[in-house]
Amino acid sequence: MQLTLALLLICNVSTVQAEPAASRFPTKALTIVVPYGAASSTDILTRVVARHMARQLGQPVIVENKAGAGGAMGSAFVAHAAPDGYTLVMGTISSHSINQSMLKNLPYDVLRDFAPVSLVAYFPNILVATGDLPVHNLADVVALARQRGGLDFGSGGIGSSGQMGGELLKLRTGAPLNHVPYKEVSQGISDTIAGHVPLLFYQVPALVGQIKAGQLKPIVVLAPQRTPLLPDVPTSTEEGIKDFDATAWMGLFAPAGTPRPVIDVLNDAIKQAAADPDVAAALGQQGFTMVGGTPEAFRDFVRQDIAKWAEVIKATGAATQ
């Protein structure tokens, strides 16, 4: 009897000690690192989602900008943080997909060093042209590039989803296009409006105003579906080019080794945010579509996206030294 009671006491103590941290998680403020600057698309989305997560989790959720190296600096910071769920990163198609093959000295391995929490949202890129460029559709752009022996296109920088849109167009059509990366995309937008750079691949939300004002000519949306922000602009599929999708995405990651119960708590908070009509409406006005989903589905998605852009980068020679 005494032995039985002793064993029961040991089991009870072990149960208490082994009780998942998630049963008490979180007990303090969380930080979501945005690996880009303030007022970037990632920053805007993260702050809306963080406010909802804070209400859901009952703890402050701080958004901290750590920009640099195309998202690699802030992402590396989180990759090497304590795997306790309190330091997270809002990764993107650039920081957690394209960079894996684009940057030779990337200070992390996406699939090894991060625990995917959830895909959060996606938003489309668009190809626009300077107003007086004699093109009206994608076929015109390809034909003019061949006629002139090349056309320059701007993007938000090396490794950006905009650059990959241009590289993918080169790969799918053979059009001679030359990448002009901008550290400040506002300068790229100004240069395209002024005609210094004839083409620009960038995110729809950032270009809607200039398009509606007639300063930029929309050519094609680089996504499977048209965007409600520009419902009259066709998709690449409608323009006759298959497998030409450069949809940008964002997703929440924790450091590898974060306990699964903690991941589940964070995942549920994202699901709740994605299901909130006020969050969806606020972000929908910015061009985002909320997604959500399981950690497993997100890991599979990231793995496939890395492979997709690795193929494009290898075929076009776009990788940096």
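Colleague: Which residues does Leu 127 touch, leaving out those up to four places away in sequence?

Modeller: The model is predicted, so local features need pLDDT of at least 70 and side-chain atom pairs pLDDT 80 or more, while totals for chains, interfaces and linings use all residues. Numbering runs from 1 along each chain as its sequence is written, and side-chain values use heavy atoms, without hydrogens or water. Contact means heavy atoms within 4.5 Å. On that basis Leu 127 touches Leu 138, Val 141, Leu 169, Leu 199, Leu 200, Phe 201, Lys 217, Pro 218, Ile 219, Val 220 and Leu 222.

Colleague: How many residues does the largest nonpolar core have?

Modeller: A nonpolar core joins buried Ala, Val, Leu, Ile, Met, Phe, Trp, Tyr and Cys through side-chain atoms within 4.5 Å. Buried means under 20% relative accessible area (1.4 Å probe, protein chains only). Met 53 and Leu 127 have the most contacts inside the largest core, and its residue count is 83.

Colleague: Which residues line the largest cavity?

Modeller: A cavity is a set of points on a 1 Å grid where a 1.4 Å probe fits but cannot get out; lining residues have an atom within 4 Å of a point. Helix 5, strand 4 and helix 12 each supply at least two lining residues. The lining is Val 110, Leu 111, Phe 114, Pro 116, Phe 253, Arg 299 and Val 302.

Technical notes:
Buried means under 20% relative accessible area, exposed over 50%, partly exposed in between (1.4 Å probe, protein chains only). On a 1 Å grid over the protein atoms alone, a cavity is a set of points where a 1.4 Å probe fits but cannot get out, and a pocket is an open set with protein on both sides within 12 Å along at least five of seven lines; lining residues have an atom within 4 Å of a point. Helices (H or I, at least four residues) and strands (E, at least two) are DSSP runs, numbered from the N terminus.
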